[in-house]
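Subject: Structure for your review

Dear colleague,

Please find below the structure that I am handing over to you. My findings follow directly after it.

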Amino acid sequence: MPGTAPTDGATTAPADHAPTAPPAAATPGPDGRTEPDEQTETEFWDARYAAEDRIWSGRVNAPLVEHTAELAPGSALDLGAGEGGDALWLAARGWRVTAVDISRVALERAAALAAERGVADRIDWQHHDLGATFPAGRFDLVSAQFLHSWGPLPREAVLRRAAQAVLPGGTLLVVGHAEVPGGRQQHDHRVRLPGAAEVRESLGLAAGWEVEVCADVDREGTRPDGTPLTFRDAVLRARRTG
């Protein structure tokens, strides 16, 4: 799971896509957990998922609903599927989904839920460390929800690859934390939280793209324990025109 330990209830956590090199130091994350020096992020997140029956609420990310509910279903790529909240929602609406995560434990859990809900045939669960490999194909929708990491995730490179995976006429939706949830000023220095304008600049979207939304937006949500929390989301939605 990526970096700022995305808080669910209003956000379904993305999964970690950092390279498998061990993190540089054992630093407490925003949820109070410490990442061991000698664990790879794959090992860390597999252990994190295995330690509890469920980490996140299972609900779809609110920004995904807001920005894709009016789109006609087609093929979708979910980068950071976690326990499957976004992929399950998309599949239930008729999308054919490729759902990617670094944690096999999370993917197995999500696949079981898909079978229970009768959408298993609409979702292809794939294990990827996006710092090393990327799913094949091009898609009508590419969604990266809260794709942050404690480790050395090459986030800009991954998002540029995500843009390349969008079909003509398709949509790229990148949503991230523009600041630490709740407005806390101190956080793991390895986790960069760029605003929407910086994300747009880093992607270099120019000819062949129409940027429909580029904004930092405050949104009310909750932590997994139900505690109210204000999120500042960096939202970039762009349509590929050519």
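His148 is located in the loop that links strand S4 (139-145) with helix H5 (155-164); helices (H or I, at least four residues) and strands (E, at least two) are DSSP runs, numbered from the N terminus. The relative accessibility of His148 is 2%, so His148 counts as buried; buried means under 20% relative accessible area, exposed over 50% and partly exposed in between, with a 1.4 Å probe and protein chains only. A polar atom of the His148 side chain lies 2.9 Å from the backbone nitrogen of His177. The loop between S4 and H5 also holds Phe146. Phe146 counts as buried because its relative accessibility is 0%. Its phi is near 55°, a positive value in a residue other than glycine.

Please note that this is a predicted model, in which local features need pLDDT of at least 70 and side-chain atom pairs count only at pLDDT 80 or more, while totals for chains, interfaces and linings use all residues. Residues are numbered from 1 along each chain as its sequence is written, and side-chain values use heavy atoms, with hydrogens and water left out.

Overall architecture

The chain contains 6 helices and 7 strands. Read from the N terminus, the order of the elements is α-α-β-α-β-α-β-β-α-β-α-β-β. Of its 242 residues, 55% count as buried. Where contacts (heavy atoms within 4.5 Å) in the chain join residues at least 6 apart in sequence, 70% of them link residues at least 24 apart.

Strand pairing

Strands S4 and S5 run parallel and are joined by 6 bridges; two strands pair if DSSP finds at least two bridges between them. Within this pairing, Thr171 in S5 stands opposite Leu141. S5 also pairs with strand S7 (residues 228-240), here in the antiparallel sense and over 7 bridges. Arg237 in S7 is the bridge partner of Leu173. Strand S5 is mostly covered, with 9 of its 12 residues buried.

Nonpolar cores

A nonpolar core is a set of buried Ala, Val, Leu, Ile, Met, Phe, Trp, Tyr and Cys residues joined through side-chain atoms within 4.5 Å. The largest one has 25 residues, of which Leu90, Val97, Ala99, Ile123 and Trp125 touch the most other members. At least two residues of this core come from each of helix H3 (85-92), strand S2 (96-101), H4, S3 and strand S5 (166-177). H3 provides the largest share, 5 residues. Apart from this core lies another, of 24 residues, which includes Leu159, Ala162, Ala165 and Trp209.

What does Ala99 touch, not counting residues up to four places away in sequence? The residues are Asp78, Ala81, Ala87, Leu107, Ile123, Asp124, Trp125 and Gln126.

Helix H1

Helix H1 (residues 41-50) is largely enclosed by the rest of the structure, because 7 of its 10 residues are buried. These buried residues are Glu41, Thr42, Phe44, Trp45, Asp46, Arg48 and Tyr49. They pack against H4 and S3.

Asp124 is found in strand S3. Its relative accessible area is 37%, so Asp124 is partly exposed. Leaving aside neighbours within four places in sequence, Asp124 is in contact with Val97, Thr98 and Ala99. The side chains of Asp124 and Gln126 make a polar contact (2.7 Å); such a contact is a pair of N or O atoms within 3.5 Å, where within protein one must be able to donate a hydrogen and the other to accept it, and residues adjacent in sequence count only if both atoms are side-chain atoms. Asp124 and Arg96 are 28 residues apart in sequence, and their C-alpha atoms are 8.2 Å apart in space.

Is Gly118 buried or exposed? Gly118 counts as exposed because its relative accessibility is 54%. Gly118 lies in the loop between helix H4 (104-116) and strand S3 (123-127). Its C-alpha atom is separated by 8.6 Å from that of Ala92, 26 residues away along the chain.

A charge over a ring

The charged end of Arg219 sits over the ring of Phe231, 4.7 Å from the ring centre. A charge sits over a ring if NZ of Lys or CZ of Arg is within 6 Å of the ring centre and within 35 degrees of the ring normal.

Yours sincerely
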